[in-house]
Amino acid sequence: MNEEQHSLLLSSSSHYLPPQGVKLSYGTAGFRADASLLHSTVYRVGILAALRSLKTQSMIGMMTTASHNKISDNGVKIADPSGGMLSQQWEPFADALANAPSPQDLVQLINEFVKKENIPFSGARPAEVLLGRDTRPSGDALLKAAKDGVTSVIAAVAIDMGILTTPQLHWMVRARNKGMKASEHDYFGQLSSSFRCLMDLIPGDKSTFGGINDKLVVDGANGVGGVKLKVLEKLLNGLIIEVRNSGEDGGILNEGVGADYVQKEKVVPHGFGSKDVGTRCASLDGDADRLVYFCVSSESSSKIDLVDGDKILSLFALFIREQLRILNEQEDMKNSYQARLGVVQTAYANGASTNYLRQLGLEVNLTPTGVKYLHEKAAEFDIGIYFEANGHGTILFSESFIGWLEATTDKLSSGSKGSEVEKAALRLLAVSKLINQAVGDALSGLLLVEVILQHMGWTLDRWNELYQDLPSRQLKVKVADRTAVVTANAETVVVSPPGLQEAINAEIAKYLQGRSFVRPSGTEDVVRVYAEASTQEGADSLAYSVSKLVERFLG
Ligand code: G16
């Protein structure tokens, strides 16, 4: 770092002093806090993004969002060159950067890190950072902080992509670094054309919407996803989507609406009710990286039948397994490529879903909460499907498998064109383009669910009957210091404070099919409690007693 860079960082950072007495951590999905506390953090993450771009000599993304959190919060996270989450090796530096007390400390920290990581400043491609933000009112002021952070690295360029869903920004970063076009127009173009391709490949006369699956009603969480979905719908030919809670009619972001609310509370979101009995409904979260489906149970109550991320995972797994079976059954295809299909879940996955997936003969892997962990595991397979129960997930395809599919379809198109095996290969290729391989994406996930339901000729009820969820309950407990809870084994066991796990075990033993775990949230200042049991009363009561234990052990 030369003298000019040194003084630029010093003078620029003096406008962004960190708030006193606040310690921030990169957490499950970037920094999150009350928006008023985040100016210096966003500025500093801007510097981090530029350094990451120099180090990788690639485009980096920086998204300002707090996703499912309340509207007064905001947050910021980095998209790495692959479009995935920031390399976990850089998270300690991100923490240190955010918490450096003075501009002098900050610049010293950067200097040391640049030397340690050998980050090229001169003679290298200048840093380029794509900026996106969700619809939160605090986003505008934080955008300025982000730009100031990026441009306090000499020659770095910040490109403002405007208001986007989080997955759109991740998709753009991935596409740019692959040398592809990456505007919002290109994103919609890729999703809609691969959707139409899958529709055209539906057997028989099921390739037009109508009848059982005529309309989908979507809760947009009063966030960015609803408006984007309206744009996308116009390109889809035939799928009728009614968007409610799009945020255009004054509703508050994530308040009584959205995927997090629907999945945790298991009640209808605002704007839905008895009129929707019998209709297929879906809910996005505030930045449209989560998706759950539901239907309204009865005219007299606000209860819903939830079709969560586990069931989306099961639907995707069934469809993909079927295409692989068609490919493998063909005599001349046998043994030509043994694609490994694996699925990844977290401890929140309903026990019934894990049993179901295992019964299908699938390899089920468990990781801690956080897309960064699930994504990493799923990337080990030729086709890796990962989903959190909360609706965050996607499908990853290995480069070698995609290469094989492309070669296979080329070969088949000159021979047995229109054969079942060619169609199966084309379907898998179309799925790899429709699904966002950078990160979980509610919009692309929704289109894939819709086309698979149509392919199968299934209603929402039929899909929901794949297996019956064990009753479950999730609670939040506010404690003095949530970091006092330390877990192991993919968050299924508490190792600290001592004695808490034994006490939880004693509670679990009282319930038929009881299971419960606790973990500190990485996005909110709470400890989360999960419980399931053979009855809803059992799950509620187990969750309640475990939350009392958390209070007792942590005060
Ligand atoms: C983020 C992460 C998810 C995680 C969720 C809750 O979602 O991307 O992987 O499940 O937070 O995390 P925690 O339980 O640690 O608070 P989102 O949609 O808020 O970005």
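**Note on the predicted model**

1. Ser193 lies in helix H7 (residues 184–200); helices (H or I, at least four residues) and strands (E, at least two) are DSSP runs, numbered from the N terminus. The model is a predicted one: local features need pLDDT of at least 70, side-chain atom pairs count only at pLDDT 80 or more, and totals for chains, interfaces and linings use all residues. Residue numbers start from 1 along each chain as its sequence is written. Ser193 is partly exposed, having 14 other C-beta atoms within 10 Å. By definition, a residue is buried if 20 or more other C-beta atoms lie within 10 Å of its own, exposed if 12 or fewer, and partly exposed in between, with C-beta atoms placed from the backbone. Between Ser193 and Leu236, 43 residues apart in sequence, the C-alpha to C-alpha separation is 8.2 Å.

2. Ala349 belongs to the loop between strand E11 (341–345) and helix H11 (351–359). Ala349 is buried, with 21 other C-beta atoms within 10 Å. Its C-alpha atom is separated by 6.3 Å from that of Asp310, 39 residues apart along the chain. When neighbours within four places in sequence are left aside, Ala349 is in contact (C-beta atoms, placed from the backbone, within 7 Å) with Asp310, Thr354 and Ala389.

3. Strands E2 (residues 59–64) and E3 (residues 73–79) run antiparallel and are joined by four bridges. Gly61 has Ala79 as its bridge partner in E3.

4. Axes here are lines fitted to C-alpha atoms, for helices over the stretch in contact, and angles run from 0 to 180 degrees between N-to-C directions.

5. A further open sheet, of three strands, has the order E15-E19-E18 and antiparallel pairing. Strand E15 (472–477) and strand E18 (515–520) are its edge strands, each pairing on one side only. Direction ignored, neighbouring strands of this sheet are turned by 15° against each other on average. Six bridges join E18 to the antiparallel strand E19 (residues 527–532), where Arg528 is the bridge partner of Arg519. Helix H18 (residues 536–554) packs on the sheet and touches E15, E18 and E19, its direction making about 150° with that of E19.

6. Helix H15 (residues 442–456) has 15 residues, which at 1.5 Å a residue should span 21 Å; the end C-alpha atoms are 21 Å apart, in agreement. The expected span is 1.5 Å times one less than the number of residues. Of the 15 residues of H15, 13 are buried, so the helix is largely enclosed by the rest of the structure.

Conventions
Two strands pair if DSSP finds at least two bridges between them. Two residues are in contact if their C-beta atoms, placed from the backbone, lie within 7 Å.
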